[in-house]
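Here's a walk through the model, taken one region at a time. Keep the viewer open and follow along.

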Amino acid sequence: MEDVEIFLSRLATMEKLYAETAKKLDDPDINDKFTLAGAIAKIGSPASYKVYVSNENTENKAVDEIKAVFAEAAEENPEIKVEFIVDEFLNLIDDKARITADSKPRTLVHRDGDLHPTVHIWMIKRRDGGIFALLQKRAHEKDIHPDCYDVSAAGHVTQGEEFRHTALKEVHEELGLDINRSQLEFIGLKKAEYSNGSIHDNELVAVYICREPIEIEELTLQSSEVSEVGWAEIDELLSVMKYEDIPNCISLKELDMIKKAVF
C-alpha cells in the first residue's frame, strides 16, 4: 500500500492548502473540511497517509483543521493509517534559477533530488600576501558529509526566505557572529549535487564572502553543526586537497571564485 503524501505549509492560505490536498487525493471537489472528510471516506480503506506539516511557529487554522480531519478518519477506521511529520519546508527552484512559491518537506526534497536554494558564506582575510578562509569541520552527527572540512557557514533557504537573510542567519547560528547585509559580498551562483543512498541533494548555491576581521576565540560554535573551525590559506588548501587525503566537501570552484573576487 503506497503512502499518500500530504504537504501542509503553515505559511499557505486556506485556499491553497485545500487545493493542494485535493490534488493529492485526486478529488477536485475538496474545498473545506467537510468535502475532505467525504473524499477520505470515498477512498476507503486500507489507506495510508503521511501528512507533513511545516515547522514554523505560526498559527494556521486550516492546517489544524485538515490535520483533525485525517486524525478523525484514522480513529474511526483502524485500516486508515495516518502519520503526522513535522519538517522544514524548502521552496523549489525553477528552470530559470528562480526561487518559486512551491514548497516541499526537506526530507522529500533530498529524497527526490529537487533543485532547492542554499547559501555558502566564506569568512576571509588577507595576510602576508595570502588569502585565508575560515573552514569549519562538520559535526559527526550530520547526515551529509559528517566530519568533513567545509565552507565557513552554510544552510538551506527555508520557505518564505531569501538568500541574503538566510546567510546572515546561518553565520549567527553556526558561528555566533552578528553581521549586517552590507558586510556580505555576493560572488556568484553555482549548482552542487551529492548522492549517497537515499539522499539526493541538488542545490543552487548563492556564494558570499565576508571580509570582516574575526577571532576564532570569540566564536560560539553550534555544536550540532560545527565541531571546530580554523584558518587555511587558499593556495595551501588547494595543494593539500590535491595531494593529501583530507576529508572535505569543499568546492574547488568556490575557492576559485574567492580568488577572483579578492584580486
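**A guided tour**

Let's begin at alanine 97, which counts as partly exposed because its relative accessibility is 38% (buried means under 20% relative accessible area, exposed over 50%, partly exposed in between, with a 1.4 Å probe and protein chains only). Before going further: this is a predicted model, where local features need pLDDT of at least 70, side-chain atom pairs count only at pLDDT 80 or more, and totals for chains, interfaces and linings use all residues. Residues are numbered from 1 along each chain as its sequence is written, and side-chain values use heavy atoms, with hydrogens and water left out.

Back to alanine 97: its phi is near 60°, a positive value in a residue other than glycine. You'll find alanine 97 in the loop between strand 4 and strand 5 (99–105); helices (H or I, at least four residues) and strands (E, at least two) are DSSP runs, numbered from the N terminus. Aspartate 147 also has a positive phi of about 60° without being a glycine. Look for aspartate 147 in the loop between strand 7 (130–138) and strand 8 (149–150); at 29% relative accessibility, aspartate 147 is partly exposed. One more backbone feature to click on is the cis peptide bond from serine 45 to proline 46, with omega near 0°. Proline 46 sits in the loop between helix 2 (33–43) and strand 2.

Three strands form an open sheet in the order 1-2-3, with parallel pairing (two strands pair if DSSP finds at least two bridges between them). Strand 1 (4–8) and strand 3 (80–87) are the edge strands, each pairing on one side only. From one strand to the next, the twist averages 20° (axes are lines fitted to C-alpha atoms, for helices over the stretch in contact, and angles run from 0 to 180 degrees between N-to-C directions). Strand 1 and strand 2 (residues 47–54) run parallel and are joined by five bridges. Phenylalanine 7, for example, has tyrosine 52 in strand 2 as its bridge partner. Helix 3 (residues 61–76) packs on this sheet, touching strand 1, strand 2 and strand 3, and its direction makes about 150° with that of strand 3 (contact means heavy atoms within 4.5 Å).

Now for the charged pairs. The structure holds 17 salt bridges (a side-chain nitrogen of Lys or Arg within 4 Å of a carboxyl oxygen of Asp or Glu). In one of them, glutamate 88 meets arginine 106 at 2.9 Å, N to O. Glutamate 88 is in the loop between strand 3 and strand 4 (89–93) and arginine 106 is in helix 4 (residues 106–112), so this pair ties together parts 18 residues apart in sequence. Glutamate 88 is buried, at 16% relative accessible area, whereas arginine 106 is partly exposed at 27%.

Glutamate 254 and lysine 190 make another salt bridge, at 3.4 Å, N to O. Here glutamate 254 belongs to helix 7 (residues 252–262) and lysine 190 to strand 10 (residues 185–196), so the pair ties together parts that are 64 residues apart in sequence. Both glutamate 254 and lysine 190 are buried. Lysine 259 in helix 7 and aspartate 235 in helix 6 (residues 234–243) are 24 residues apart. Lysine 259 is partly exposed at 23% relative accessibility, and aspartate 235 is partly exposed at 41%.

Which residues of helix 6 are buried? They are Ile234, Leu237 and Met241. These residues cover an arc of only 55° around the axis, which puts them on the same side of helix 6 (the arc is that of the directions from the helix axis to the C-beta atoms). An α-helix has 3.6 residues a turn, so residues three or four places apart point the same way. On the other side of helix 6, Glu236, Lys242 and Tyr243 are exposed. The buried residues of helix 6 pack against strand 7, strand 12 (226–233) and helix 7.

Our last stop is serine 198, in the loop between strand 10 and strand 11 (199–210). Serine 198 counts as exposed, at 58% relative accessibility. Leaving aside residues up to four places away in sequence, serine 198 touches His110 and Arg111.
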